[in-house]
Amino acid sequence: MCPGELTDGDRSRYQWQLGVSGFGEDGQARLKAASVLVSRVGGLGSAVAYELAAAGIGRLVLAHGGNLRADDLNRQLLMTDDWIGKPRVQCAARRLRELNPDLEVVAIEANISDTNAAELVGEVDLVVDCAPLFEERYAMNAAAFSKGIPIVECAMYDLDLTITSQQHGRTRSLRELVPQPPVHWKREFPVFGAVSGTVGCLGAMEAIKILAGFGEPLWNRMLMMDLRSMSTRLVTLPTP
Amino acid sequence: MKVTLEYFGMLREAAGLNQEDLELPAGADAGALVQFAAERHGEPLRSLLLSAEEVPHSWLLIAIDDVVESHQVELAQGSHVLLSSPISGG
């Protein structure tokens, strides 16, 4: 069987989405053949990884260092209370395998850095950036641009969120949009799990559209949502 | 000329409001609007908008009528300007 070729079991499992306009069996086969890096799998990345696993992505590479803490549990939906003190990424991998046993999960107990970005990005078809620190995001974004791989950039603060998709030759990079890390940005910031979940689901949908080749991804556009007032703006970004 | 200034993310929190209508001299650019807002609200908004050199931060996102532009772009009567500082994941 060719990579990505659908089985009867796949057709049964994914029948609710096979009827989506522009997607179909070809789109499902593309997802099955695809490999995606999600970094990290906290509040945002948990939602991304969960939706991608449910949708039938073939392989997920999860990168996230550190052990689970109690204060992660307001938003990190792949975690469980009994896992506190143990590596987050292993809990995420366990939950994803429970959801979809066909999924191949690679769990990396480290965050993305200049040291590992090229290697990890080099083995996937798409990256979803769910990381909190700009240094980490720059490393991941630069590696994706270097290899021509699309990257979905997700962000949140309080009840606000932004999302855009980038790729070398098609859009500007993160570094071109944000030349240096904002000095006021802090690792910990106010957020609800419902906000990280919202942007995570949007990020997963972007990844699915790009991989399956349908819809209109957010190339050179940024969706900005204020969930406090439920207002949205779709702004046009400068082109390369 | 009258323009509408909308704040997003940390800037909204620092300004203490979603948006405001401001009166600027005709021909003012987006940078002048940022300076005006910084003076009007003071800290903590000021340091989120302006660098030590008193110019808009390089990372500041300025969308004029839903198109991201440089701070040197001239505004027009009725322009809607959205200001945001970058946010991140987690």
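In this predicted model, 23 residues of chain B and 36 residues of chain A make up the contact between the two chains, where contact means heavy atoms within 4.5 Å. The area buried here comes to about 2500 Å², with 62% of that coming from carbon and sulfur atoms; buried area is the accessible area (1.4 Å probe) lost by the two parts on being put together, summed over both. On the chain B side, W59(B), S88(B) and G90(B) supply 27% of the area buried against chain A, more than any other three residues.

As for charges, 4 salt bridges are counted between chain B and chain A, each pairing a side-chain nitrogen of Lys or Arg with a carboxyl oxygen of Asp or Glu within 4 Å. One salt bridge joins the side chains of R12(B) and D160(A), at 2.6 Å from N to O. Elements giving two or more residues to the chain B side include helix 1 (10-15) and strand 1 (2-8); helices (H or I) are DSSP runs of at least four residues and strands (E) of at least two, numbered from the N terminus.

Turning to chain B itself, its 3 helices and 5 strands run in the order β-α-β-α-α-β-β-β. Of its 90 residues, 58% are buried, that is, under 20% relative accessible area (1.4 Å probe, protein chains only).

A note on conventions: residues are numbered from 1 along each chain as its sequence is written, and chains are lettered from A and ligands numbered from 1 in the order written. Local features need pLDDT of at least 70 and side-chain atom pairs count only at 80 or more, while totals for chains, interfaces and linings use all residues, and side-chain values use heavy atoms, leaving out hydrogens and water.

Notes. Buried < 20%, exposed > 50% of the residue type's maximum accessible area, 1.4 Å probe, protein only.
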